[in-house]
Amino acid sequence: MINTYLEQLVAIAQKERRIILGLMSGTSLDGLDLALCAFTGYGNSTKVEVLHHTTIPYPTSVIEQLKTVCSQPTVSLAQVCLLNAGLGQLHGQWVNQQLSKWGISPDTVDCIASHGQTIYHAPKRLHQQEEFGNATLQMVDGDHIAVETGIITIADFRQKHVAMGGEGAPLAQYGDWLLFRKKGEHRILLNIGGIANFTWLPAVGGVGDMLSTDTGPGNTLIDAYVQKHFPPLRYDENGSIAASGTVNEKLLAELLNDRFFQAALPKTTGQELLNPQYVENAIVATQVMVTPKDLIATLTAFTTHSIVRAIRQANRYQAKEIVVFTSGGGVHNNTLLQHIQSLLPEARFQSLNTLGIHPDAKEAVLFALLANELFAPKTSEEAVLPVRLGKICLPA
Ligand SMILES: Nc1ncnc2c1ncn2[C@@H]1O[C@H](COP(=O)(O)OP(=O)(O)O)[C@@H](O)[C@H]1O
Ligand SMILES: [Mg+2]
C-alpha cells in the first residue's frame, strides 16, 4: 500500500495554490511570528498572498529559560533537551489556537514551515577552530509540531546550507530575490531583528550579483541594557530612551573595533559575539563612565553605524539612489531609523508594507517560501535556490 503521506506530498507539489503557515522565532526571543500564506508558482514565478499574520509573545518564564541556553557556550544539556520538545509542543498548541482564532480549518493548511529557535550560531570566523567548519544549531523539533497539529511540518532549514559550505544564514535572500527584485532599481531589504541583515538586489545583473549579509547588532544589545537599567521595559519603545541620551563617541568607536566589522561581505554573526560581555569589555577598554540613557543612545548608534557601514561597503555600483525596504522589530525604533536615514542620503526608505507584506511578518513569510520551494518540481533555471532546504516531519 502506498504511504498516504507520500501521496499527500505529491498532491501538495501539484496544487495550483499552496497554503503554508510560516513560523519564526528570532534571536530577540520576543515571541513566535506566524504568517499564513497562499503561494502560487515556484522559483521566478512565485507569488504570495499573506492571508493572516500575528506574533504571540513568549511568557516571561519561557524567555528566561531560553536565555539560559541561547548563544551560551556552556549550558545544561538537560535544559536543551526539555526545551527542544517543550517548545515544539508549545508552538504546535499556539498554531492550533491561532488557526481557530482566524477561523481556518487545519485541513486547509498544506504544511507548516518552522524555523525553530537558533540556540547557537558558530560560523568559522567566530569559533576559529581549525578542525571545524561553519556550524549552526536550531532547536524545536518539527515532529512535535506535526504531531500536535496533524499538519505536515517542514523544519530545520539552515542545516543543509551549512552542509553545502554556507554559514546557514542569511536565508532571507532567496525570498528577497524571488519576491522583491525590480529591474532598473537598486533595492535593499533591511531587516532589523535581534541581529540586523540586508539583501542588496542590484538594478542590473542576475542572482549571482545579489548580496546578502548580516551587518552586526540589531536590537539585541539595546534590549539587554533596557531590560537591565529600565525594568520592567523590555525594549526602547520607539527609541525614546536613545533620543534622550548622548552618544559616547569613544565607546562607539571601540564597539565598532572588532574584526567582524572590518571583514569583507558577506558575513554572519550572532549574540555569541554581540552580547553584554562584548559591551562590558568595550567599557573597560575605554574607561568611560556612561549613564544608562547615554549607553542606550550609544548602543543605538552602534546598530546604526554598523548597518550604514555595511550598506556603503556593499555599494560597489556607486548607486546614487537606493530604495531601502525595512522590516523587523527595529523599524519601530524611530531614533534608530531616523539616524540611519540621516547617514544615508542616497537611500529612500519605505516600509515593506508598500510591497504588500507587513514588516513584522516578513521573516515568517520567507520561511514559508522556502517550504514552497521544497515542493518545486525542478530546480529553477536560474538556480536561485540551488538546493532544497528543510526536513519533512510527518504527523503520524
Ligand atoms: N515599538 C517598538 N519600539 C522599539 N523597538 C521595538 C518596538 N517593537 C519591537 N521592537 C524591537 O523589536 C524586537 C523584535 O524584533 P524581531 O524582528 O521580532 O526580532 P527577532 O527576529 O530577533 O525576533 C524587540 O525585541 C524590540 O527590540
Ligand atoms: Mg521576533
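Modeller: Happy to; I will go through the backbone spots and then turn to the packing and the domains. The model is predicted, so to speak of local features I need pLDDT of at least 70, and side-chain atom pairs count only at pLDDT 80 or more, while totals for chains, interfaces and linings use all residues. Residues are numbered from 1 along each chain as its sequence is written, with chains lettered from A and ligands numbered from 1 in the order in which they are written.

As background, most residues other than glycine have a negative phi, and most peptide bonds are trans. Let us begin with the peptide bonds. Between Ala169 and Pro170 the bond is cis, its omega being near -20 degrees. Pro170 sits in the loop that runs between α6 (159-163) and α7 (172-180); helices here are DSSP runs of H or I with at least four residues, strands are runs of E with at least two, and both are numbered from the N terminus. Another cis bond links Pro231 to Pro232, with omega about 5 degrees, and Pro232 belongs to the loop between α8 (220-229) and α9.

Now for phi. Val140 is not a glycine, yet its phi is positive, about 90 degrees. The loop that holds Val140 lies between β5 (135-139) and α5 (142-149). Val140 counts as buried because 27 C-beta neighbours lie inside 10 Å (buried means 20 or more other C-beta atoms within 10 Å, exposed 12 or fewer, partly exposed in between). Gln287, also not a glycine, has a positive phi of about 55 degrees, in the loop between α12 (276-286) and α13. Gln287 is exposed, because 8 other C-beta atoms are within 10 Å.

Finally, the domains: an automatic or database assignment sets their bounds, giving domain 1 (4-169 + 359-393) and domain 2 (172-355). Their C-alpha centres are 24 Å apart. Domain 1 puts 26 residues into the contact and domain 2 puts in 33, where contact means C-beta atoms within 7 Å. On the domain 1 side, β4 (111-122), α4 (124-127) and α15 (362-374) each give two or more residues, and α15 gives the most, with 5 residues.

Conventions. Contact = placed C-beta atoms within 7 Å.
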